[in-house]
There are 2 protein chains.
Amino acid sequence: MKYQEIAQQIIQHIQADNLPQGTKLPSVSELVKEYGVSKNTILQTLKVLESKGVIYQVQGSGIFVRRKKRKGYITLLENQGFSGDLTYFDVISKVINVSLIPAPEEVANNLYCSQAEEVYRVKRVHSIRGQTLCLEESYYKTSIVPFLSDSIAEGSIFQYLEKGLNINIGFSDKYLSVHKTKGEIAYYLELPENSPMLLLEEIYYTSNGEPFDFTKNYYHYEHSQFFLQS
Amino acid sequence: MKYQEIAQQIIQHIQADNLPQGTKLPSVSELVKEYGVSKNTILQTLKVLESKGVIYQVQGSGIFVRRKKRKGYITLLENQGFSGDLTYFDVISKVINVSLIPAPEEVANNLYCSQAEEVYRVKRVHSIRGQTLCLEESYYKTSIVPFLSDSIAEGSIFQYLEKGLNINIGFSDKYLSVHKTKGEIAYYLELPENSPMLLLEEIYYTSNGEPFDFTKNYYHYEHSQFFLQS
């Protein structure tokens, strides 16, 4: 889409020139001229940039650059699954196992299915530059994700869902809480038991509103930090 | 605004009837008839409801109710300051102190001011039903917030900013990380040292894009859980 292309170009311009927060950008009519597109296209571009937290608009005053997030923080609002946000960091994902099991009660509740239904469970450890980032425990409904394997889980599962299975990912619910590490989690995070840990639970829905993925991510407290804008 | 009123009515209807996720709501043209307003007003209403995570729309299929968040979770995306989100819980805020100090380096960096500039520092402990929720350490730029006091800090500071000082709160950046409790923080959270804790740092901006509030909230890991949608 044209407006997305222009949004990408503006982001690259802000990054390349390292424009600080509050830098005034060209007005709507100047952008219309600069890119040779309709006013409507530019308004769509600005909506995208605003929702990404790249700019803010002040009525009667103009369009301005928003602060860059601190380096190394994981964006909490992206709907791209695990590797989407962190690709620039070279995330290494190690598969512990992929298995087909009857849905545990908690999973059935979150995916609105019966406990008799089989789900794929994927356990992986993600690390960045040799540091353990998190232990991931994901459950996928087989009615929507009929096939998963170790080799698929070694790459980006979300890319497989979108490009391989043609699933449109719609929205997600995320729950955060802080706990102490125990047993398996402490083992995979390479932390002593009772260390702090962040639990991020996510429920992903198709654009039709059907939940298909329930994920529990246990984050290493020293190797993970999160960012969000509103 | 009419569209906000209608949004509020739809939310109340969903809550009163306890409509589950996936319940189909009336179509746009039915809502136009039901509320006797323009199609444009209804489209604005739906935009608000969608951004609040109350509904989702499926092209060619309709408008549906989205899952309610789990009870007792704090919404991470509201820009209403501390008490806005949790009013229904009866949050008690105890002021430790309010003082006027030269901006510490970290504060100056986050509020884009010099270290010579004076800022208000507010320390409070928030609790719910007798349980300590968090220790809050907030810094306010005096160029935007020229006056603060203990008695103001006993209530909602954001209400004072919006209604008393006429400040339009625009947007915010939020940073989350997990640490171990130490010294003063452990003391106020009534936790042993080295307990898990969530640190939520927030920078609030006016709608003109000027940062005016830098807040560090230290959350008790057993008494706080967070929710967000995307």
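This is a predicted model: local features need pLDDT of at least 70, side-chain atom pairs count only at pLDDT 80 or more; totals for chains, interfaces and linings use all residues.
Tutor: Residues are numbered from 1 along each chain as its sequence is written, chains are lettered from A and ligands numbered from 1 in the order in which they are written, and side-chain values use heavy atoms, with hydrogens and water left out.

Student: How much area do chain B and chain A bury between them?

Tutor: The general idea is that the size of an interface is often given as the accessible area lost when the parts come together. In this case the two chains bury about 4,000 Å², with 53% of it on carbon and sulfur atoms; buried area is the accessible area (1.4 Å probe) that two parts lose on being put together, summed over both. On the chain B side, Arg67(B), Tyr175(B) and Ser230(B) lose the most area to chain A, and together they make up 19% of what that side buries. If you'd rather go by contact (heavy atoms within 4.5 Å), 44 residues come from chain B and 43 from chain A.

Student: How many residue pairs are in polar contact between chain B and chain A?

Tutor: The count is 12, with both residues at pLDDT 80 or more. A polar contact is a pair of N or O atoms within 3.5 Å; within protein, one must be able to donate a hydrogen and the other to accept it, and residues adjacent in sequence count only if both atoms are side-chain atoms. The elements of chain B that give two or more residues to the side touching chain A include helix H5 (105–111), strand E8 (169–180) and strand E11 (225–229). E8(B) gives the most, with 10 residues.

Student: Which strand of chain A does E11(B) pair with?

Tutor: Strands of a sheet pair through backbone hydrogen bonds, either parallel or antiparallel. Here E11(B) pairs with strand E8 (residues 169–180) of chain A, in the antiparallel sense and over five bridges; pairing calls for at least two DSSP bridges between the strands. Look for Asp173(A), whose bridge partner in E11(B) is Gln229(B).

Student: What is the order of the open sheet of three strands in chain A?

Tutor: E1-E3-E2, with antiparallel pairing. E1 and strand E2 (55–58) of chain A stand at the edges with a single partner strand each, so one side of each has no neighbour in the sheet. E1(A) is joined to strand E3 (residues 62–65) of chain A by two bridges, and Lys24(A) has Phe64(A) as its bridge partner in E3(A). Chain B has an open sheet of three strands too, in the order E1-E3-E2 and antiparallel. There, four bridges join E2(B) to strand E3 (residues 62–65) of chain B, with Ile55(B) opposite Val65(B).

Student: Now the backbone: what is phi of Asn18(A)?

Tutor: Most residues other than glycine have a negative phi. Asn18(A) has a positive value near 55°, and this residue lies in the loop between helix H1 (2–16) and strand E1 (24–25) of chain A. Arg129(B), also not a glycine, has a positive phi of about 45°; look for Arg129(B) in the loop between strand E6 (118–128) and strand E7 (131–141) of chain B.
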